[in-house]
Amino acid sequence: MKICHYLLSTLVVLSLTLFCCQSPSSSSKTSTQKVDSLLSVMTLEEKVGQLNFLVGDLFNTGPTVRTAESDKFDILIRDGKITGLFNVHGAAYTARLQKIAVEQSRLKIPLLFGADVIHGFKTVMPLSLAEASSWDMEAIELAARIAAEESTAAGINFTFAPMVDISRDARWGRVSEGAGEDPYLASCIAEARVNGFQGKALSEANTLAACIKHFAAYGAPIAGREYNTVDISERTLREIYLPPYKAGIDAGVATVMTAFNELNDIPASGNTYLLKDILRNEWDFNGMVVSDWQSIGEMIEHGYSADSMEAARQALETGVDMDMMSEIYIEQIPELVKTGKLDVALLDNAVRRVLELKYALGLFDNPYIYSDTLREKVTLRSTEHLTAARDIARKSIVLLKNEKQLLPLHSNYKKIAIIGPFGNNKEDMNGSWSFFGEAQHPVSVAEGLRTAMPNTSFIVAEGCNLYNDKTDKLQEAVKAALQSELVLLVVGESAPMHGEGASRADIGLPGIQQRLVEEIYKTGKPIVLLLVNGRPLAIEWVDQHIPAIVETWTLGSEAGNAIADVLTGEFNPSGKLPMSFPRHIGQVPIFYNHKNTGRPYLGDYSEPGAERVYRSRYRDVQNTPLYPFGYGLSYSTFTYTNMVLDKTSMKNNETITVTVTISNTSNRDGDEVVQLYIRDLAGSVTRPIKELKGFKKVHLKAKETSTVTFTIDKEMLSFYRADMSWGSEPGKFHVMAGGSSDTVLKQEITLLP
Ligand code: NOJ
């Protein structure tokens, strides 16, 4: 029997003397053998304790099952009834709890400390959807790396991120947490984020276990309503929703979280098809699976499990290793095993995966590896991290419209009005899912601009409150506009308006902000409108009337500085939308990779009557999005002039090289994301009108012309065929390229039999 005994001289940990006698990991045994020897001495209760994961006493994202008495966790830890805690943090605090586990519990098994480190820790990074707008995988990986550096110094060894749920429905509040609507882009981002969090080795002090969530298809609730039923075809599941989870697994993610939703009639936490057939068998995932918050217990509400006992059995049998917050495993599994209703081997498998994770994290070697008060002090919000956050933030900004050359702002403005609920706002810059960021820290838009434009005076007026319809602040805002040469209107959504539990049926500007925009418009002053939001908004009126529009999402700690960098031209915007913006809420779900239908609308409203009416269209709103997927402007102008293929046909084992010529026709250096799309013109099943298959971000100097090369291979032409086998079919394809999904260049290729 190998049991660890850890002695810690003081609560202030690490770099202090740490004694480890008979550490399982100090022997020559493999971690599997060590886990097995530990398992062989565990009581049934101790095993189940390793599957019980509870929220700490700092904050919750759902109903808690317990109140936070101060010594509650101490007792649970000492008694081996808990595998770890989540959403607690702080080097000293986590070390204190860890000390109880490794000194006072019978088996001295170290604790996991989990947390929703979604977009940054104390240095808050742009919202996940904002980062996705950068289409810059290095920047995205760096953001996750910095979040890992900071959170691991504060005791956290397990993050519930990245969230990789595709969503095509902007009503759903959690689109803010994902990477948008496209499976290819989102897969690249999933990989970058997993690499950023997990680094080279999980055992290092500055890396933590990542978690791909929420498995699966949580982003497709009917009508965009949070937690709602998901009912999609197997092909849609596999082609649209599953790829980012798979990309995370291929990148070596340590854990997976199940979803709240039911998928095609079976709740995700009891869904054999998802968790066994796909995750374990097809994808060969051997890591740990954790439930979402009480999602095991919620299988009763779903109408799937008759009672807690059945829910526990179903979830464990399906492969959910760890119970987050239901406390159903700890309550029901001992009885299930004792009465022979549950095979103890299944329980052992789940415990094994949890213990292996703890080994991989290095916790058996040094349980305090992540609770480093010294590192915590120098790492959190370090200058280096804030500088990186500013750069990532400005790369996340998307320029949606820029007429009358309003942007970049020239430095001669004497007076500018900053109007709107977000002009002087700090807290909402952190965005949803930023538990650890402090409200007073972010740089506001007004602060950023005042620093960047010291010779301009700024008048700030709130204009309206977000949460009521009172008009008492309008007049002051109009007055401020009239006194100024230019207005920066900063409108959008507060942080609680997006994220979990924040579906919105109307995705226009909340409160009376639309009225505010119209009142300011009437002043006749030039207006630059900045959006602060966590989802695509339906803002057609704004697009029709306001000459310059900048999508800033929420940009975190350095928001105001990053915005000032873009507005002043210090940084040339290069972001591209990862989600389509509708003209009208009635178009949602709207996404670029849709099917053609048998009666596609050709987009010409002047067509004769019947031709026009009996087409797939609305009578009152155009089909096209306001801003398409992949769209975003720059202060440079890019033109796509030529697409050359090295050949126009290929066999399955061959490739075609596509060369796209792009010119920066402006006098300003800039970055452009060159996007490659493919359409399969006819197949054993119908195919989308275009699918993103590649992209490259290039830097072009003023007046520079360059070429970008892509290689088309059979994988890019493959799909789930009529019999659900993956592969390609001979026939014709369109290859398209451009600076958005509204592509400009097109060629035809043939895949030969
Ligand atoms: C519920 C959320 O769905 C999940 O994403 C999160 O990780 C947990 N709460 C823990 O906070």
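**View 1. Polar contacts of the Asn-425 side chain.** The side chain of Asn-425 makes a polar contact with the side chain of Asp-428 at 2.8 Å, a polar contact being a pair of N or O atoms within 3.5 Å, of which, within protein, one must be able to donate a hydrogen and the other to accept it, while residues adjacent in sequence count only if both atoms are side-chain atoms. The Asn-425 side chain also reaches the backbone nitrogen of Glu-427, at 3.3 Å. The model is predicted, so that local features need pLDDT of at least 70 and side-chain atom pairs count only at pLDDT 80 or more, whereas totals for chains, interfaces and linings use all residues. Residues are numbered from 1 along each chain as its sequence is written, and side-chain values use heavy atoms, with hydrogens and water left out.

**View 2. The setting of Asn-425.** Asn-425 lies in the loop between strand S14 (415-419) and helix H17 (445-452); helices (H or I, at least four residues) and strands (E, at least two) are DSSP runs, numbered from the N terminus. With a relative accessible area of 13%, Asn-425 is buried, the term meaning under 20% relative accessible area (1.4 Å probe, protein chains only).

View 3. Five strands form an open sheet with mixed pairing, in the order S20-S28-S27-S22-S23. Its edge strands, S20 (649-650) and S23 (691-700), each pair on one side only, where two strands pair if DSSP finds at least two bridges between them. Strand S22 (residues 670-680) runs antiparallel to S23 and is joined to it by 9 bridges; Val-673 has Lys-697 in S23 as its bridge partner.

Technical notes:
Buried < 20%, exposed > 50% of the residue type's maximum accessible area, 1.4 Å probe, protein only.
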